[in-house]
Amino acid sequence: MLIEQLESRRLFSTINWMNRGLVTDRFSEVFGAQANLARGVIDEAIARWERVITDFNYSDGTNTYTLLIAMSGTTNGTGGVGGSDDDIDGKPSHGTVVFYRGTDGAGAGWYLDPVPADDVEFNSTVHNAFSARASAGRPFTRADLLTVAMHEIGHALGLDSNDAMNKFATDTGAIDTGSAHLWAFEGPSVSHLFTGYDVGGTHNGAQHSADSDESVFYNGQMWYGTDHLMNPVVATSQRNLIDNVTAWAIHDAWDYDIELPEVFGTFYSTLNRSTGQLLVRGAPGPADPSNDNIQIGLLFGALVVSVDIGQDIPGTGPLPGVGNVDAFASVYNPADITSIIVQSGDGNDTIFINSIPANVTGVSVEGGTGNDTLTLGGGDLDTNLNAPITFTGGSGNADAIIFDDDTDGLGSDTYTLNTNSLVKPAGDSLSWLSTENVTLNASANNDAITVTGTASTTAVRVNSRDGNDTINVQSTDIASPVTLTTGIGTDTVNVNTDDTGIALAIFPGTENVTNINIGIGGRLALGGAGVPNSFVLVTTALSIDNGGALDLTNNSMIVDYGGASPYVTIRDYIATARNGGAWNGSGITSFGAFLANPRNTTLGLLTSVEYFSIYGFGADYLGQNIDLNAIVVKYTYYGDTDFNGVVDFDDYSRADAGFNNNRTGWLNGDVDGNGIVDFDDYSLIDLAFNTQGVALRGQGVGASLVRVGARRISG
Ligand SMILES: [Ca+2]
Ligand SMILES: [Ca+2]
Ligand SMILES: [Ca+2]
Ligand SMILES: [Ca+2]
Ligand SMILES: [Zn+2]
């Protein structure tokens with residue numbers, strides 16, 4: 001559909017200003033040296049109508065409308081009159097438009113836009129997509145000749161109280177001004193509130209689009225006027241563009257082919273033709289904040305800017321009253337744009353910048369109030385974004401920026417996440433301020449991702465996705481660990497392996513990471529705080545420096561090793577972290593055990609052979625397949641030798657056998673991991689037996705309460 005739109009942009013009608021530059025246009029007489037500037041404004045008004053009306057569909061096959069346009073010979077002021085006075089088979093084909101001479105008869109009070117092709121000087125107060133007001137500068141307190149010209153030419157083209165318009169108009173009986181009534185226009189394309197009011201007199205039909213202060217209850221609902229080009233009166237300082245409603249109405253009344261005016265820009269996206277700066281804005285809500293959706297991206301060689309307002313202005317869409325209005329989608333020539341500013345304003349706004357034109361040298365995105373989310377890259381950061389981009393989340397405590405490199409092509413990627421920016425070697429700095437959440441969705445290929453720092457107020461998440469990825473978490477704020485997911489592949493996670501400062505990382509759930517290396521000052525945690533043993537960390541090779549920690553919180557781990565069994569290493573990592581029950585040492589620790597009151601839990605470990613001896617050969621562990629070369633670590637009670645989540649008679653039997661036969665290992669009752677089963681182990685087992693509550697089985701069954709049988713009298 002968009003391709004059709006773009007192609008149809010080449011189709012224009014022709015509107016000929018027959019007496020342009022002749023003495024009869026009186027522009028020199030009124031404007032003097034400014035005459036050609038004023039004529040240029042009229043040219044722009046004509047050009048804007050030519051691109052909206054693509055074909056008059058005249059019965060004789062022609063597509064040209066002719067106009068006589070002149071300044072009044074007699075009347076001072078900043079208004080005008082326009083109408084049609086000839087036709088082809090009943091359709092307007094010729095018109096006459098006259099503008100007043102200005103307040104002094106010499107053009108005073110008119111604003112003659114020196115760059116009439118853009119509307120930037122008016123976008124101080126935006127009424128709606130097609131109407132805005134200047135608060136300063138030359139247009140302020142002057143009448144915009146471009147707006148008045150487009151209005152009067154609109155009359156000449158057929159927007160008038162005439163049979164074609166009134167065929168769809170019904171008198172609501174409600175009074176607008178004086179004796180003028182409000183009329184309900186119900187065409188095939190649009191329903192909208194019109195009025196018979198005119199400064200020059202009252203019409204018995206749909207002469208003008210009703211003002212924004214008019215409304216009426218008609219045909220079961222409220223109808224609202226709005227600030228529009230075809231309002232009876234336009235204020236000074238204000239520009240109205242040709243709006244969608246006006247275009248639909250002239251299409252319905254006269255069967256002209258139209259291009260939707262939003263395609264050529266709105267006040268939600270305005271291009272400064274002098275500087276190349278594109279300003280994209282959301283809307284303020286009239287009452288509550290407006291949650292707007294803004295999307296910017298290249299499509300088929302054009303830049304498309306789509307702004308979907310959360311709190312739509314009634315009367316700006318095809319509906320006569322309140323109701324959802326579609327996004328306003330504008331299409332720009334990428335070569336015209338050198339910078340982009342997005343201001344989404346109030347509300348929780350959603351902004352996507354999927355790609356930007358090659359000429360753009362910088363992009364600034366301001367989320368304003370509310371919790372705003374900016375998603376960058378459209379799946380390929382290097383290809384799509386070739387300029388620095390800054391995001392200011394603004395107020396709101398959950399502003400977010402998401403880097404989307406999901407569909408990046410083949411080849412390794414290198415990403416560096418700094419405290420306030422993401423840098424790729426092939427790309428520019430993408431930075432953020434007052435942003436509480438940062439997410440990097442890396443490519444599905446082999447990536448090298450380095451985190452050099454985090455801010456205490458920003459939560460950083462790195463999803464390395466598929467491929468063989470290496471993630472180096474070199475440094476973080478103590479309050480802001482990096483959350484990691486690693487996808488499928490042979491991945492390596494290094495946490496503070498430079499042994500300098502501190503670095504913290506978290507796996508939010510079950511994760512399979514081939515290599516894990518934790519340096520001095522490094523801490524890597526698995527989930528936590530949920531149902532015990534909801535998550536499993538699966539790894540092949542684990543290395544923890546003295547001074548580093550892997551925190552399983554209240555979860556599990558599988559070390560699926562190759563080569564020699566790391567059983568003793570794992571057992572010792574747990575024992576040093578446990579540190580006699582203080583849980584403050586290096587190694588494999590458990591914040592869940594640290595928090596337990598009484599401290600009756602720990603991390604137990606079984607070889608897969610031991611595990612199979614209880615649960616059968618090939619049994620899975622919490623849904624994870626294990627083979628003969630694996631070690632299973634579980635958060636559970638001291639003495640839960642068989643990992644069934646409780647301490648019971650079977651456990652005491654194993655501990656007794658272990659004690660009597662000088663065995664070793666968790667399965668046989670060495671619950672403190674010192675290599676023997678002794679009195680210390682029994683003390684811990686008894687504590688757990690007497691105080692255990694919830695069975696620590698795993699997700700899905702862990703929440704069930706277990707009734708404990710009679711205390712066993714041990715020797
Ligand atoms: Ca909407
Ligand atoms: Ca906002
Ligand atoms: Ca990857
Ligand atoms: Ca022991
Ligand atoms: Zn009018």
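Here is our chat about a few helices and a surface patch in this predicted model.

Me: Let's start with α8. How far apart are its end C-alpha atoms?
Reply: They are 16 Å apart. Helix α8 covers residues 567-578, and its 12 residues should span 16 Å at 1.5 Å a residue, so the two values agree.

Me: Which residues of α8 are buried?
Reply: Y567, I570, R571, Y573, I574, A577 and R578.

Me: And where do they fall, seen down the axis of α8?
Reply: Within an arc of 155 degrees, so the buried residues line one face of the helix. As a general point, an α-helix has 3.6 residues a turn, so residues three or four places apart point the same way.

Me: What comes just after α8?
Reply: N579, which takes a positive phi of about 50 degrees.

Me: Switching topic: which residues form the nonpolar patch on the surface?
Reply: F591, F594 and L595, with about 280 Å² of accessible area together. L595 sits in helix α9, residues 591-595.

Me: Is L595 buried or exposed?
Reply: Exposed, because its relative accessible area is 53%, and the cut-off for exposed is over 50%.

Me: Back to α12. What about N690?
Reply: N690 lies in that helix and is partly exposed, at 48% relative accessible area.

Me: How far is N690 from N397?
Reply: They are 293 residues apart in sequence, and 45 Å apart in space from C-alpha to C-alpha.

How values were computed:
Residues numbered from 1 in each chain as written. Chains lettered and ligands numbered in written order. Predicted model: local features only at pLDDT ≥ 70, side-chain atom pairs only at ≥ 80, totals over all residues. Heavy atoms only, no water. Patch = residues over 30% accessible without salt bridge, like charges linked within 9 Å, V, L, I, M, F, W, Y side chains within 5 Å. Areas by Shrake-Rupley, 256 points an atom, 1.4 Å probe, with all protein chains shown as cover. Salt bridge = Lys/Arg side-chain N within 4 Å of Asp/Glu carboxyl O. Helix = DSSP H or I, 4+ residues; strand = E, 2+ residues; numbered from the N terminus. Buried < 20%, exposed > 50% of the residue type's maximum accessible area, 1.4 Å probe, protein only. Expected span 1.5 Å × (residues − 1). Arc of directions from axis to C-beta.
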